[in-house]
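Hello,

Here is the structure I promised to pass on. Please have a look, and then read my notes below.

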Amino acid sequence: MKQTSIIEISKSAIINNIGFIKETLGENVRVSSVVKANAYGHGVENFVPIAESCGIDHFSVFSAMEAFRVKQVLKQPTTDVMIMGHIGADEIEWVIQNGVEFFVFNFCRLQLAVKVAEELGIKAKIHIEIETGLNRTGFEREELKQVISLLKTYSANLTIKGLCTHYAGAESIANHVRVQRQISKFNKTYKWFVKNGITPEIRHTACSAAAFTYENTRMDMVRIGIMQYGFWSTDETRIHYFHKHKGQLDRLERVMSWKSTVMSVKTVKTGEFISYGTTFLAQEDKKIAIVPVGYSHGFSRTLSNQGRVLVRGRRCAVIGLINMNMLIVDVTGIDSVKYGDEVVMIGRQGKLSISVHSFSQLSDQLNYELLTRLPSDTKRKIVK
Ligand SMILES: *Cc1c(COP(=O)(O)O)cnc(C)c1O
């Protein structure tokens, strides 16, 4: 049986995007490919092997469960996996046993890491996350003395892989001052660590926006998510980058397309309301196509009477309220539309295309949000 819609993943677009990122950052900066949230909706099992074949040898995820999934599909035994977020108390043994790296941002996790590493007789590979101003996770300045002392005491159980932090909105110039303060705080703290006898192997702080907006955040490694999938973090990031690199072409390519087919076609008489309630009144005789995709499939209800899809190479309006499993498209005037015709929600058809960007703008979602809300059970198919 088939799903009512399909997500296509373009292999050549992934290769292109990773190529652009690596070329821009140069050989001295390691790229950690961020594949949390099912590789931003693209599918871990699809994305990771292609990224690895492009020379990516470090992956970042949010949770132990995600690390497990990445580990399952890795080909190179030397490729590293790093957990930036949650690890259950009953998962940390697996994490350490399997050499998965992880952020340590409080004493609770540090003590647990030491205890389990001691029991296993294996060193835990940790990245010390410090608070620099996002105010989310990370050791506070007042805690650092004690952190250093614990790291020294338990050096037999720990490999200090990295020192890291995360910025509070590097994608918007409005946060410029805050980000600059974070950079400076991070650099000071790193020096302080070294002075006090702890030298982490690497420093990493940058997400996509930071790496492409503030070059001094690149350090030894960057954690790149959204750009691999073909999107600038925000318009601001893109504009800022090309302002500084005049003449360069925007090489990022959308990796994902999302398609369905027409399920039914009918005509509706002037004066009738279409779909639930009274949000759409037929002002003329209408021909409509029903598409088996609704808000339960990730097509946001806020796109009711707003969205656009491509049918028969034409841009068509989504009319009426989006239903749980269906949406209705105005195909008045396109006589040839019939059952089984391709419908493109995101992607290209003929000369036209619908970007994730326009889709997310209309539905008032971030690119990030739209991508990661596409249900993980919708089939992803790799195409050229
Ligand atoms: C998600 C995430 C990233 C990647 O962010 P992008 O904007 O997608 O590049 C980097 N670091 C941390 C801690 C993250 O949570």
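Helix 4 covers residues 64–73, and its buried residues are A64, E66, A67, V70 and V73. What do they pack against? The partners are helix 2 (36–40), helix 3 (44–53), strand 3 (58–61), strand 4 (80–83) and helix 5 (92–97). Keep in mind that this is a predicted model.

Helix 2 deserves a look of its own. N38 sits in helix 2, and its phi is near 55°, a positive value in a residue other than glycine. A39 lies in helix 2 too. Its phi is also positive, at about 55°, although A39 is not a glycine. Most residues other than glycine have a negative phi. Both side chains are out of the solvent by the numbers: N38 counts as buried because its relative accessibility is 11%, and A39 counts as buried at 0%.

Now the overall picture. The protein chain has 12 helices and 18 strands. Its C-alpha trace spans about 80 × 45 × 40 Å along the principal axes. The chain has 384 residues, and 53% of them count as buried. Take the contacts between residues at least 6 apart in sequence: 67% of these join residues at least 24 apart.

Next, charge. I count 49 positive and 37 negative side chains. The centres of the two sets lie 4 Å apart. On the surface, R141, K185, K188 and K191 gather in a patch of positive charge. R141 is in the loop between strand 6 (124–129) and helix 7 (144–153). It is exposed, since its relative accessible area is 62%.

The structure holds 16 salt bridges. These are the ones I would show you:

- K115 and E119 meet at 3.6 Å, N to O. Both are in helix 6 (residues 107–120), four residues apart, about one turn of the helix. K115 is partly exposed at 49% relative accessibility, while E119 is exposed at 55%.
- E201 pairs with K161, with the closest N and O atoms 3.2 Å apart. E201 lies in the loop between helix 8 (176–195) and strand 8 (202–206) and K161 in strand 7 (residues 158–164), so the pair ties together parts that are 40 residues apart in sequence. K161 counts as buried, at 18% relative accessibility.
- D341 and R312 meet at 2.9 Å, N to O. D341 is in the loop between strand 15 (327–330) and strand 16 (342–349) and R312 in the loop between strand 13 (308–311) and strand 14 (314–319), so this pair ties together parts 29 residues apart in sequence. D341 is buried, with a relative accessible area of 7%. R312 is partly exposed at 38%.
- E8, K259 and E342 are linked in a network of salt bridges.

One last spot, towards the end of the chain. Where is T378 found? It is in the loop between helix 12 (367–373) and strand 18 (380–383). Is T378 buried or exposed? It is buried, because its relative accessible area is 5% and the cut-off for buried is under 20%. Leaving out residues up to four places away in sequence, T378 touches Q3, S5, I6 and I7.

Best wishes

Conventions: Residues are numbered from 1 along each chain as its sequence is written. This is a predicted model: local features need pLDDT of at least 70, side-chain atom pairs count only at pLDDT 80 or more; totals for chains, interfaces and linings use all residues. Side-chain values use heavy atoms; hydrogens and water are left out. Helices (H or I, at least four residues) and strands (E, at least two) are DSSP runs, numbered from the N terminus. Buried means under 20% relative accessible area, exposed over 50%, partly exposed in between (1.4 Å probe, protein chains only). Contact means heavy atoms within 4.5 Å. Lys and Arg count as positive and Asp and Glu as negative; His and the chain ends are not counted. The place of a charge is taken as NZ of Lys, CZ of Arg, CG of Asp or CD of Glu. Patches are made of residues with over 30% relative accessible area and no salt bridge: like charges are joined within 9 Å, nonpolar side chains (Val, Leu, Ile, Met, Phe, Trp, Tyr) within 5 Å. Accessible areas come from the Shrake-Rupley method with a 1.4 Å probe; for residues, only the protein chains shown count as cover. A salt bridge is a side-chain nitrogen of Lys or Arg within 4 Å of a carboxyl oxygen of Asp or Glu.
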